[in-house]
Amino acid sequence: MASKRIVVGNMKMNLTAQEINKYLKVIEKKEYNNQVIFCPSSLYLPYFVGKTYGVGIQNIAAYENGAYTGEISALQAKSMHLDCTLIGHSERREYFKETDEVVRQKIKLSLQANLKVILCIGETEEERDSLKTYKVLKKQIVNALKGFEEKELKKIIIAYEPIWAIGTGKTPSNEEIKDTISFIKDIVKDSLHINMSVLYGGSVNEKNIASLNQIENIDGYLVGGASTKADKFMKIIEVVVNQ
Ligand code: PEP
């Protein structure tokens, strides 16, 4: 997707309209050169569109359109000038029971609508402890991405997010992240014959970003909690954009 490293902020279901106003005042002081993507709650998306950063939705419906109360389609997101959507975040897989098939269907609809995709994958702590990480990641990748054409795959990037690292303050070592990213890139290359960018996500913050940013094969970061505090997120962005 991008040769420069990118930073994506997944703000989840956080911040009120008043807090978002304050947040926007802080972030609008900077130029982002399209290296940053904000994913606020869907209600606030229109406030973020048309700036020097990208804008993404946190989830889209698994249906094209119609009587699906409360859902937002990929086509609707695209028609509001959004750049991309997260798909397959572990919170959606766990709390909303999204299977690999649902994830694949959402990717298909996003690509049809010309919306770029950030596909989230990751292993649980139990899977990591029983040395199943690579097996789990391979299954998630292959099931989500099988059958797409090269021109479609070019609109997808992967966010590797170990579930045990999300919101816990724990991260894998830099060496482990490097090896896992390498594994993911190799799997994609071998099975789909394409080079794909891979982000890391899981407890990235303003304190560990300088160290994480030493990892050579990383293409950027997906930041959850720290993206909801404008000042902290700005510090992360500065490290990545000014490298
Ligand atoms: C996430 O949920 O995508 C995430 C990376 O969260 P956090 O940064 O809070 O661990």
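Select Thr99 to begin: with 36% relative accessibility, this residue counts as partly exposed, a class between buried (under 20% relative accessible area) and exposed (over 50%), computed with a 1.4 Å probe and protein chains only. Thr99 sits in the loop between helix H4 (90-95) and helix H5 (100-112); helices (H or I, at least four residues) and strands (E, at least two) are DSSP runs numbered from the N terminus. Thr99 and Ala144 are 45 residues apart along the chain, and their C-alpha atoms are separated by 9.6 Å.

The model is a predicted one, in which local features need pLDDT of at least 70 and side-chain atom pairs count only at pLDDT 80 or more, whereas totals for chains, interfaces and linings use all residues. Residues are numbered from 1 along each chain as its sequence is written, and side-chain values use heavy atoms, with hydrogens and water left out.

Remain in the loop between H4 and H5 and select Lys97, which also lies there. Lys97 is exposed, its relative accessible area being 62%. Its backbone deserves a check in the viewer: phi of Lys97 is positive, about 55°, although the residue is not a glycine.

Next, select Ser203, in the loop between strand E7 (198-201) and helix H10 (209-212). Is Ser203 buried or exposed? At 16% relative accessibility, Ser203 counts as buried. Phi of Ser203 is near 60°, a positive value in a residue other than glycine.

Move on to Ile236, within helix H11 (residues 230-241). Ile236 has 0% relative accessibility and therefore counts as buried. Which residues does Ile236 touch, not counting residues up to four places away in sequence? They are Val7, Val204, Asn205, Glu206, Ile209, Val223 and Ala226, where contact means heavy atoms within 4.5 Å. For a distance, select Asp219 as well: Ile236 and Asp219 are 17 residues apart in sequence and 14 Å apart in space, C-alpha to C-alpha.

A disulfide is a covalent bond between the sulfur atoms of two cysteines; here the rule is a pair of cysteine sulfur atoms within 2.5 Å. How many disulfides does this rule give? The count comes to zero. For Cys39, the closest cysteine sulfur belongs to Cys84, at 5.3 Å, which is too far for a bond. Seen from Cys84, the closest cysteine sulfur is that of Cys39. Cys39 is buried at a relative accessible area of 0%, and Cys84 is buried at 1%.

Finally, select the whole protein chain. The chain has 11 helices and eight strands. Its radius of gyration is 17 Å, close to the 18 Å that the globule rule gives for 243 residues, so the chain is as compact as a globular protein of that length; the radius is taken over C-alpha atoms, and the rule is 2.2 Å times the number of residues to the power 0.38. Along its principal axes, the C-alpha trace spans about 45 × 45 × 30 Å. Of the 243 residues, 51% count as buried. Among contacts with a separation of 6 or more, 71% are between residues 24 or more positions apart.
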